[in-house]
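My notes follow in the order I made them.

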Amino acid sequence: MSPIIELFSDTQTQPTEGMRAAMAGAVMGDEQSDSDPTTRELCRRVASMLGMEDGVFMPSGTMCNLVSILVHTRPGDEVIVDDRAHIFTTEAAGAAAIAGVSVNPIRTKRGLFTSDDVQAAIRPASRTSPRSGMISVEQTTNFSGGSIWPLEQMRAVRDLGQSQGLRCHIDGARLFNAVVATGVSAADYCEGWDSAWIDLSKGLGCPVGAVLCGSRAFIAQAWQWKYRLGGAMRQSGVLAAAGLYALDNHIEQLRVDNDNAALFERCVRGSTGLSFPPQRAESNIVLFSTEPLGVPADIFTQRCLERGVRLRSLGGYQVRATTSLLVTRQQVGQAATAIQDFGPRSAFALAGAA
Ligand SMILES: *Cc1c(COP(=O)(O)O)cnc(C)c1O
């Protein structure tokens with residue numbers, strides 16, 4: 001049997017051979033006292049790519065978001081995000097449980113809001129309202145289908161937020177997918193923001209890690225929260241070496257991933273029984289709905305898996321496909337063919353799924 005075609009998530013990537021070799025040869029020290037040279041180099045590299053003063057290595061993107069919220073807000077504040085933001089939907093309410101802040105989600109179609117939306121979401125100072133403390137944007141969006149914030153729209157949101165005293169944060173889990181898609185540099189996207197981070201363990205293919213960046217003063221505070229939360233490490237150079245390897249060798253792969261997602265979408269858009277948002281896929285994520293087929297996403301993805309294609313159900317009728325270095329262009333075509341066959345009269349329907 002041919003191997004499963006892995007479109008579940010770019011988090012499923014495993015270290016490549018070259019990456020494993022880089023990890024094996026890593027020079028290490030004690031990260032907790034800032035004396036792991038490889039980790040320091042990684043942090044400097046990412047900070048410089050993002051145009052930020054300083055950076056800190058984190059075990060996960062989730063901790064980057066939580067620590068940023070902890071530094072930028074105080075209990076009783078509100079964080080403004082889009083209504084499918086990872087912070088809102090997928091971080092076990094860490095903002096509430098640990099930082100004591102609530103989330104004020106803006107309803108969006110594609111995960112992108114405007115400065116007018118932010119203006120409407122910011123609460124006028126009052127004895128009775130939560131204080132609006134922070135804005136977070138995802139570049140690229142995850143559960144909104146990989147959409148890319150136009151640079152000008154991001155800047156307008158940042159300017160409006162900062163003019164009203166809010167801290168502005170970029171959840172850049174897949175920032176480099178946007179960079180290779182648009183040609184806008186990471187530093188241009190991050191310019192003027194109070195904090196930004198990238199994930200190493202998504203399309204960049206590392207086993208663990210993310211790097212959070214900001215001003216020196218921000219990173220000093222972020223470090224203390226990381227330590228408090230148990231995120232300080234020891235010989236993290238073995239992980240940071242993977243990150244440095246990825247920055248040298250895997251960024252171009254993201255362009256391939258984006259192209260593969262576009263190809264997948266071109267092939268399956270128009271398949272009987274599936275519906276797609278009007279916008280084309282912009283990065284490595286494709287969302288579609290199985291609603292016209294009348295088959296819930298959980299069942300649809302189960303049937304796809306039986307045909308050798310692993311997709312992610314987002315519940316209801318929403319299905320997400322994500323490309324990464326785990327899928328070749330040829331496999332993308334094969335996956336699309338397997339899915340196209342799922343018309344109302346297909347073997348899929350006859351199998352009793354509907
Ligand atoms: C994956 C992801 C995170 C969390 O990153 P982890 O490293 O998995 O903790 C945060 N935000 C977005 C947009 C993501 O896609």
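I count two strands as paired if DSSP finds at least two bridges between them. Helices (H or I, at least four residues) and strands (E, at least two) are DSSP runs, numbered from the N terminus. The model is predicted, so I kept to its thresholds: local features need pLDDT of at least 70, side-chain atom pairs count only at pLDDT 80 or more, and totals for chains, interfaces and linings use all residues. Residues are numbered from 1 along each chain as its sequence is written, and side-chain values use heavy atoms, with hydrogens and water left out.

Entry: strand 2.
I looked up strand 2 against strand 8 (residues 210-214) and found five bridges, with the two running antiparallel. Met58 has Ala210 of strand 8 as its bridge partner. I then checked burial, where buried means under 20% relative accessible area, exposed over 50%, and partly exposed in between (1.4 Å probe, protein chains only). Four of the five residues of strand 2 (residues 54-58) are buried, so the rest of the structure largely encloses this strand.

Entry: strand 3.
For strand 3 (residues 77-82) I found six of the six residues buried, so this strand too is largely enclosed by the rest of the structure. Asp77, Val79 and Val81 point one way, Glu78, Ile80 and Asp82 point the other way, and all are buried. Which strands does strand 3 pair with in the parallel sense? I found four bridges to strand 5 (residues 131-138) and five to strand 4 (residues 102-106), both parallel. Asp77 stands opposite Arg131 in strand 5, and Glu78 stands opposite Ser102 in strand 4.

Entry: ligand shell.
Of the 14 residues around the ligand, Gly61, Thr62, Asp171, Asp199 and Lys202 come nearest. By class I noted two nonpolar, six polar and six charged residues in the shell. In this scheme Ala, Val, Leu, Ile, Met, Phe, Trp, Tyr, Cys and Pro are nonpolar, Asp, Glu, Lys and Arg charged, and the others, Gly among them, polar.

Which side chain has an N or O atom 2.7 Å from an oxygen atom of the ligand? I found that of Asp199. For Asn142 the corresponding distance is 2.9 Å, and a polar side-chain atom of Lys202 also lies 2.9 Å from a ligand oxygen. Taken alone the ligand exposes 380 Å², of which the protein buries 88% (Shrake-Rupley method, 1.4 Å probe). Helix 3 (61-72) and strand 7 (195-199) are the elements giving two or more residues to the shell. Helix 3 gives the most, with three residues.

Methods:
A residue is near a molecule or strand if one of its heavy atoms lies within 4 Å of it. A polar contact is a pair of N or O atoms within 3.5 Å; within protein, one must be able to donate a hydrogen and the other to accept it, and residues adjacent in sequence count only if both atoms are side-chain atoms.
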